[in-house]
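Please look over the sequence and the three-dimensional view before reading on.

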There are 2 protein chains.
Amino acid sequence: MLIGEYIHTIDEKNRVSVPAKFRKELGKKIIITPGLGQCLFIFTTAEWAKVSKKLSDSETDLSFLKADQRSFNRYMFGRAAEVEIDSIGRMLIPEFLQEGIHLRDKAAIIGVKDRVEVWNEKAWGEQKVKVAKEAEQLAEKLARNE
Amino acid sequence: MLIGEYIHTIDEKNRVSVPAKFRKELGKKIIITPGLGQCLFIFTTAEWAKVSKKLSDSETDLSFLKADQRSFNRYMFGRAAEVEIDSIGRMLIPEFLQEGIHLRDKAAIIGVKDRVEVWNEKAWGEQKVKVAKEAEQLAEKLARNE
DNA sequence: ATATGAAGTGGGAAAAAGTGGGAAATCGGT
DNA sequence: ACCGATTTCCCACTTTTTCCCACTTCATAT
């Protein structure tokens with residue numbers, strides 16, 4: 001299972017170490033896409049096969065005739081990248097994906113059960129604060145037995 | 001699968017490098033047609049065979065009138081070009097196709113699963129911004145498995 | 001405390017990709 | 001058939017990417 005938080009450097013060549021604990025599960029080849037919120041998603045090739053199938057299942061073979069389907073596919077596929085993890089466990093994040101989430105210097109790499117997310121370190125810090133508050137409220141509710 | 005975004009130069013001889021990652025899948029010969037939206041479509045010969053069959057097949061429900069279908073086909077077929085990719089991986093984009101989408105200097109080349117789109121760089125930038133918001137909503141739906 | 005090994009980071013060299021331009025071949029018009 | 005113009009083919013340069021090696025840091029165990 002993919003869990004935990006890691007802060008890694010993104011170097012001048014757009015490389016980031018995949019946390020060693022994730023490497024086995026992710027395999028040699030991964031798919032990086034824009035995520036929901038200010039982050040990227042990393043899928044295994046198997047997961048991506050499912051996702052892209054789901055996208056195409058709802059379509060006819062002539063999906064490009066429908067305007068909104070066109071836009072959506074353009075967005076999803078056009079901004080995805082198939083990436084090989086190098087011999088010492090680094091991935092290369094294309095610049096067009098970095099731009100979308102203002103990634104630079106430090107990346108937060110988060111395991112979320114069966115997917116991995118990549119955040120700008122600062123954005124992740126803020127996200128955590130936000131989530132922490134929600135968690136506290138949830139905990140209080142639980143404590144009051146609601 | 002054809003995915004990702006690449007910005008390439010279109011030179012004085014109307015040549016554009018096909019992104020190296022696309023070359024194997026596209027093969028030596030491709031079909032370039034006017035696209036829908038401000039772009040061109042590129043299909044493999046195999047994919048084009050499917051598409052053109054579907055378009056001309058009267059059995060297919062394209063949900064528009066015969067007359068419309070005729071003029072649509074005239075548009076797609078009449079302006080489609082069969083193009084050979086040269087020995088070092090460049091394609092030649094006919095001028096009549098460039099004019100339609102105001103292509104010059106820089107082209108954005110986008111992989112959209114099993115077709116490739118070619119955009120004027122600037123138009124692509126605007127398209128991305130426009131679609132980003134609605135695509136996220138659609139993606140959320142998808143993520144919730146609706 | 002020190003040695004050992006694994007993980008992460010940085011950088012140089014080799015290879016590949018992208019770009020530009022000249023020469024040969026082809027085409028069209030006279 | 002000849003000439004000029006356009007297209008095609010090939011070569012060469014530049015930039016980017018990839019591959020590999022080496023150093024540093026952190027954690028673990030002795």
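The sections below describe a predicted model, taking its sheet, its chain contacts and its DNA surroundings in turn.

## The sheet of chain A

Strands of a sheet pair through backbone hydrogen bonds, in either a parallel or an antiparallel sense. In chain A, six strands make up an open sheet with antiparallel pairing, and their order is β1-β7-β8-β4-β3-β5. At the edges lie β1 (2–9) and β5 (81–84) of chain A, each of which pairs on one side only. From one strand to the next, the twist averages 25°.

Strand β3 (residues 29–34) of chain A pairs with β5(A) in the antiparallel sense over four bridges. Within this pairing, Ile31(A) has Glu82(A) of β5(A) as its bridge partner. Helix α5 (residues 121–143) of chain A packs on the sheet and touches β1, β7 (106–113) and β8 (115–120) of chain A. The direction of α5(A) makes about 110° with that of β8(A).

## Contacts between chains A and B

Contacts join 21 residues of chain A to 20 residues of chain B. On the chain A side, α2 (45–57), α3 (67–78) and β5 each supply at least two residues. The most come from α3(A), which gives eight residues. By class, this side of chain A has 10 nonpolar, five polar and six charged residues.

## Surroundings of DNA strand D

Which residues surround DNA strand D? They are Lys13, Asp86, Ser87, Ile88 and Leu92 of chain A, together with Lys13, Asp86, Ser87, Ile88 and Leu92 of chain B. The residues of this surface divide into four nonpolar, two polar and four charged.

Technical notes: Residues numbered from 1 in each chain as written. Chains lettered and ligands numbered in written order. Predicted model: local features only at pLDDT ≥ 70, side-chain atom pairs only at ≥ 80, totals over all residues. Near = placed C-beta within 6 Å. Nonpolar A, V, L, I, M, F, W, Y, C, P; charged D, E, K, R; others polar. Pairing = 2+ DSSP bridges. Axes fitted to C-alpha atoms, helices over the stretch in contact; angles between N-to-C directions. Contact = placed C-beta atoms within 7 Å.
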